[in-house]
Amino acid sequence: MANTAKFEIDGKTVELPVLRGTDGPAVVDIRKLYAEADVFTYDPGFMSTASCESKITFIDGDAGILLHRGYPIMELAEKSSFLEVCYLLLHGELPTAPEFEVFEHNITYHTMIHEQFDRFFMGFRRDAHPMAIMTGAVGALSAFYHDSTNVNDPAQRMISAHRMIAKMPTIAARAFKYSRGQPFVFPRNELSYAENFLRMCFSVPAEDWVPNPVLTKAMDRIFILHADHEQNASTSTVRLAGSSGANPFACIAAGIASLWGPKHGGANEECLNMLTDIGTVDKIPEFVQGVKDRRYLLMGFGHRVYKNYDPRATVMQQTCHEVLKEVGAENDPILQVAMELEKVALSDPYFVERKLYPNVDFYSGITLRALGFPPEMFTVLFALARTVGWIAQWKEMIEDPSQKIGRPRQIYTGAPARSFVPVDKR
Ligand code: SDX
């Protein structure tokens with residue numbers, strides 16, 4: 001492939017550099033296009049536009065490949081742990097045993113939150129959606145950590161990353177407990193990351209909480225599956241917010257807000273609601289016809305990048321069966337509906353022609369419900385896990401010398417310039 005691309009318009013020819021990465025499509029560097037050709041490019045959904053250079057995650061959507069710092073998601077899900085993946089995403093390499101010990105200690109000793117912080121929750125109604133609580137609470141963290149909001153100080157960037165990864169489970173568990181009317185549970189330093197979170201969610205003062213290793217492993221693996229995913233909508237939101245120099249807590253809160261959308265992280269909640277509404281296998285043909293009639297989407301299916309099976313969906317389906325078996329719900333009728341719906345969709349030309357496959361959200365709702373979470377908590381768990389991806393991408397953006405404040409242009413199709421008309425003349 002050539003090293004330059006020629007752009008011709010109105011008799012002008014602009015030669016643009018072609019840049020190649022480690023893998024994936026080459027990019028045409030258009031940074032000087034407006035200056036030399038006086039035109040913008042137009043790509044509202046970023047269908048053909050790279051917004052940044054990154055070394056963190058790579059997706060080959062046609063092949064269904066997802067790599068974190070070069071390691072396939074299947075291998076990380078099977079052989080690693082969420083905290084080890086956090087280290088990998090932040091630092092670029094898998095940690096040695098001593099490096100991991102220091103990292104785990106740093107995270108563990110940041111899991112508590114300021115005593116004043118708990119008052120935030122009391123301001124919400126008990127039936128507030130937990131994602132509304134998360135958006136507000138995480139944004140408020142910057143009011144408590146003035147010592148780590150200088151984005152130009154590498155040490156403060158790292159401590160903010162540790163604080164975000166450490167405190168999200170504590171805040172998420174509090175949002176859950178608050179909705180249940182149960183007392184908040186403090187983190188315990190002797191527990192693993194996933195165990196700590198499950199205990200903060202499900203233990204009650206009336207009895208001892210006993211960890212279940214199968215469910216703990218499943219929770220940890222679900223966190224790994226949701227850790228990072230290139231420049232998705234919420235990560236791009238975090239990058240754009242961060243490009244102005246906003247503090248990391250405010251940027252993560254912006255990412256949480258974007259993730260909440262039903263076409264993005266909110267899909268896991270919508271997907272379970274969809275499966276529940278279908279109810280039984282015999283209702284699937286009628287539902288599928290409604291999708292084809294464009295009355296609604298098949299939630300948990302389709303993806304901007306994957307035009308093949310989302311590799312996370314494969315691992316999530318395996319995890320779903322493990323969890324349902326462990327809790328004695330392997331005959332959950334909703335799982336039967338999901339498996340039959342997947343089979344029907346994968347063989348129906350409407351979906352095959354549009355390259356619509358199950359994504360990470362298709363089986364996650366069934367799994368999370370079996371773990372004991374209500375649908376409104378599903379996107380909170382997604383946000384908890386994605387926090388490491390957001391903060392790693394934010395840190396990479398701050399440290400990228402070529403990054404500038406994000407300020408897209410537009411094509412203007414509004415009214416031409418005109419003079420003001422006084423109200424008695426209109
Ligand atoms: C996540 O970006 C990421 O990486 C996100 C994520 C991450 O980890 O960060 O992977 C997490 O958000 C996964 C996606 C979860 N969302 C859903 O499951 C909601 C349902 N999916 C759709 O909303 C949709 O598939 C998107 C938003 C995910 C992708 O949409 P695109 O890329 O903009 O594709 P499109 O809307 O242009 O669809 C192409 C065609 C259209 O048909 P035509 O108009 O060409 O005839 O496919 C159809 C769409 O109507 N289509 C669907 C469909 N998804 C696309 N039809 C029915 N059901 C669907 N789910």
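Mentor: Start with H303: one of its polar side-chain atoms sits 2.6 Å from an oxygen atom of the ligand. A polar contact here is a pair of N or O atoms within 3.5 Å; within protein, one must be able to donate a hydrogen and the other to accept it, and residues adjacent in sequence count only if both atoms are side-chain atoms.

Trainee: What sort of model is this, and how is it numbered?
Mentor: It is a predicted model, where local features need pLDDT of at least 70 and side-chain atom pairs count only at pLDDT 80 or more, while totals for chains, interfaces and linings use all residues. Residues are numbered from 1 along each chain as its sequence is written, and side-chain values use heavy atoms, with hydrogens and water left out.

Trainee: How far is the side chain of R312 from an oxygen atom of the ligand?
Mentor: An N or O atom in the R312 side chain is 2.7 Å from a ligand oxygen atom. For N359, a polar side-chain atom lies 3.0 Å from an oxygen atom of the ligand.

Trainee: And how much of the ligand does the protein bury?
Mentor: The protein buries 77% of the 1100 Å² that the ligand exposes when taken alone (Shrake-Rupley method, 1.4 Å probe).

Trainee: Which residues come nearest to the ligand?
Mentor: H229, R294, H303, R304 and R312, out of 23 residues around the ligand (a heavy atom within 4 Å).

Trainee: Now helices. How do α10 and α18 cross?
Mentor: Helix α10 (residues 233-242) and helix α18 (residues 378-398) cross at roughly 40°, and their axes come within 9 Å. That angle makes α10 oblique to α18. Angles under 35 degrees count as roughly parallel, over 145 as roughly antiparallel, 65 to 115 as roughly perpendicular and the rest as oblique. Angles run from 0 to 180 degrees between N-to-C directions, with axes fitted to C-alpha atoms over the stretch in contact. Helices are DSSP runs (H or I, at least four residues), numbered from the N terminus.

Trainee: What about α11 and α18?
Mentor: The axes of α11 (residues 248-259) and α18 come within 10 Å and cross at roughly 135°. So α11 is oblique to α18 too.

Note on methods:
Helices (H or I, at least four residues) and strands (E, at least two) are DSSP runs, numbered from the N terminus.
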